[in-house]
Amino acid sequence: MIHLSDGGAYLVGGNRIVEDSPRALEVVRSLTGKSVTKEDAARQTISYGILEAHNTSGNMEKLKIRFDKLTSHDITFVGIIQTARASGLEKFPIPYVLTNCHNSLCAVGGTINEDDHMFGLSCARKYGGVYVPPHQAVIHQYAREMLAGGGRMILGSDSHTRYGALGTMAMGEGGPELVKQLLSQTYDINMPEVVAVYLSGEPRPGVGPQDVALAIIGAVFDCGYVNNKVMEFVGPGVKGLSADFRIGIDVMTTETTCLSSIWVTDDTIREFYEIHGRGDEYARLAPGEAAYYSGVIRVALDEIEPMIAMPFHPSNTYTIDEVRANPLDVIADVEKRAQVSLGGAVEYSLKDKVRDGRFCVDQGIIAGCAGGGFENICAAADILRGASIGADAFSLSVYPASMPIYMELIKNGCAAAIMASGAVLKTAFCGPCFGAGDTPANHAFSIRHSTRNFPNREGSKLQSGQIASVALMDARSIAATAANKGVLTPATEFTGTRNRYRYYFDSTIYENRVFDSHGQVDPSAEIHLGPNIKDWPQMTELAENLLLQVAAEIHDPVTTTDELIPSGETSSYRSNPLGLAEFTLSRRVPEYVGRAKEIQRAQKAVMEGRCPLEELPQLKEVMESVQAQFPQAGEGTMGFGSVIFAVKPGDGSAREQAASCQKVLGGWANIAHEYATKRYRSNLINWGMLPFLIDRGQLPFGEMDYLFIPGIRKAVEEAAVDIAAYVVKDGALLPFTLHLSEMTQEEREIILKGCLINYNRV
């Protein structure tokens, strides 16, 4: 089904893989009639060509990327624009689309959600952007319909910014990286490795894009096969997939922890652009005659079965038939994982979901950038036509990803078929994906064609004793399960008619509702600032030396951004840095906020010219121990704050708030064995936080210990890799070593200044 190569390989003629070996280049020469080097072949990938066209450094090993377009939604664009305004923003230098698909319901906190929307509209007028009102389209569907272009690059402040199937290399990053683009700065990365995803065969009837995506995620996540690399989809299997099917696989590549994705393009993608009235944006993309990849993922599409990702991660994959055949064995594994993920905070069991030997679920959701596509919903409608989801506890909600899709579903009758079954058809909204809509009952089990199934991602609150579960599935099998009254059922068992539907895009919906400045600024426009929209607090430069208290210690194999700053109801406070910070680590280490605030009092005393030891007398003994060995570490040279340790933090969302909330509470660093994603590490740096690493097997400190890091400012200035640090304990300084991996000169300057705002402040 899925096979990972042990090393690199050459793709010859777009369809033949030659594994790297001492004779590989000789084989390539015999097939092409040309002599090539590995270095030449590495420049023949689609990815290399797009990156080269957007690189401004002149050095393809050290890239400085300028993107063509930007996009954000309503829980990120306020903070991004406020940061850019503080840095002297006068206009959006490239097209910037502000969608409103997360806090769309305007149901929490009074006026604050709609205030954010009006902020976005007023900024689109003032700075020359595009504003998409609530319920019109989810961020990524609008980008597919209206922004993507062959050979283009798009940067978005949402982790699922993926438009590779349309020939657009797109990346999801934290807000500060978009701020840099708004200030005409660059996205700086080393040239990433490129991994080929070689597709062959054709999917069986009933197998959908989510099934293929979950099979890939399950094969590559744990081993980090594509971590921070580009996935390039090639091979003869591509041509048999519709545009929607490719898009459905592509959007889920985020869950592999790859950097970005790109696909070969063909007449199917040309037709997609033509349907959307943008035929001139199509570009034929294909690798060169002999292209070298650092790895190959072989996917036999005809061997993929209906899949399910059980709680609490998209990589926890099984075939649906495996779960049906051995439900109690699978449940035992899930419950064992839950003990780690939930920390024993609540009692968790799924055994009651097995009734008469059948696995039964409580809710189905088809929604968002992954599930809300036209073909997914049409396929679900075919399965639900003439069926009933029943009058018991099971429910099904379907969210088309855009109003144009919704309109076409009404015209072709699929909407009626879905609603007649007892399912509910709703408007374009991302809420079910991050816990702001359709929260299940306590201990309920929800199957969803969405993007993630992290703990409490569905909206339950662990701190309130609540827990529900989400499993990821394809829309087709969700519909088959719904038609079977909630009994887990793969869509391959559906024997009815599967129709083919042609999509007709109606642009008048957007023409009537979307504000498009066409790049024209209006300096006289007044920005709407609601009472929840707050400026970032003052942040100081990095001190010569740091004294940090370990405010949280997390030993889970992976720590998600949902655990660092919860999603769901907290999204309403993302325009209020201090208000949102109150939720930091609330689901994982509830004591963190109080601990961080306590040590932050010392730093605030320094900023106000007062003695930190008078503010926090408990520091006197700690500082005496420090000064016994480092007498120069005193007034005017010390910074105080907090630090967290996590084994592998940052999986999941691109939200910058996972880092900025720590920063506004006085955080100066993270310590980890590794960082789950590039984007989380970038968020730390852009908020002036040191992304320390510590060797596996070494952890000389514990929660609430004090760590002294002498000469840290000089170490950053000199690009030091190994950093001397000390645990201050029982009157002694116990030495250990931290590491700082490669940073650009700009990144070091940002940390020295204290954050990106200070770096750019005019």
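A: We may begin with S642, which is buried, with a relative accessible area of 1%. Buried means under 20% relative accessible area, exposed means over 50%, and partly exposed lies in between (1.4 Å probe, protein chains only).

Q: Before going on, what kind of model is this, and how are residues numbered?
A: This is a predicted model, in which local features need pLDDT of at least 70 and side-chain atom pairs count only at pLDDT 80 or more, while totals for chains, interfaces and linings use all residues. Residues are numbered from 1 along each chain as its sequence is written, and side-chain values use heavy atoms, with hydrogens and water left out.

Q: Back to S642: where is its place, and what does it touch?
A: S642 belongs to strand β28, residues 638-646. Helices (H or I, at least four residues) and strands (E, at least two) are DSSP runs, numbered from the N terminus. Not counting residues up to four places away in sequence, S642 touches L548, Q549, A551, Y592, A596, I599, L665, G666, G667, W668 and A669. Contact here means heavy atoms within 4.5 Å.

Q: And S395, is that buried or partly exposed?
A: S395 is partly exposed, at a relative accessible area of 30%. It is found in strand β21, residues 395-398. Leaving aside neighbours within four places in sequence, S395 is in contact with D362, Q363, G364 and I389. From C-alpha to C-alpha, S395 and R43 are 51 Å apart in space, and they are 352 residues apart in sequence.

Q: What about N686, where does it lie and what is it in contact with?
A: N686 lies in helix α26, residues 678-686, and is buried, with a relative accessible area of 2%. Apart from neighbours within four places in sequence, N686 is in contact with P176, E177, K180, I750, C755 and L756.

Q: Changing topic, how many residues has the largest nonpolar core?
A: The largest nonpolar core has 171 residues, and those with the most contacts inside it are Y96, I297 and M310. Such a core is a set of buried Ala, Val, Leu, Ile, Met, Phe, Trp, Tyr and Cys residues joined through side-chain atoms within 4.5 Å. Setting aside neighbours within four places in sequence, Y96 is in contact with L70, T71, S72, F77, I80, I81, G129, V130, L178 and L182. A second, separate core of 30 residues includes I554, L580, Y675 and I757.

Q: Why is helix α14 described as largely enclosed?
A: Helix α14 (residues 374-384) is largely enclosed by the rest of the structure because 10 of its 11 residues are buried. Among them are F374, I377, D382 and L384. Just after α14, G386 takes a positive phi of about 85°.

Q: Which residues other than glycine have a positive phi?
A: Among them are T257, with phi near 70°, and D438, with phi near 60°. T257 is found in the loop between α9 and β13 (260-263), and is buried at 5% relative accessibility. D438 lies in the loop between α17 (431-434) and β23 (445-449). Most residues other than glycine have a negative phi, and most peptide bonds are trans.

Q: Where is there a cis peptide bond?
A: A cis peptide bond joins P311 and F312, with omega about 0°. F312 lies in the loop between β16 (307-309) and β17 (317-319).

Q: How do α8 and α9 meet? What residues are involved?
A: The axes of helix α8 (residues 209-220) and helix α9 (residues 243-250) come within 8 Å and cross at roughly 30°. Axes are lines fitted to C-alpha atoms, for helices over the stretch in contact, and angles run from 0 to 180 degrees between N-to-C directions. P209, V212, A213 and I216 in α8 meet F245, G248 and I249 in α9. By class, this contact has six nonpolar, one polar and no charged residues. Ala, Val, Leu, Ile, Met, Phe, Trp, Tyr, Cys and Pro count as nonpolar, Asp, Glu, Lys and Arg as charged, and the others, Gly among them, as polar.

Q: Last topic: how many disulfides does the structure hold?
A: The structure holds zero disulfides, a disulfide being a pair of cysteine sulfur atoms within 2.5 Å. For C106, the nearest cysteine sulfur is that of C101, 12 Å away.
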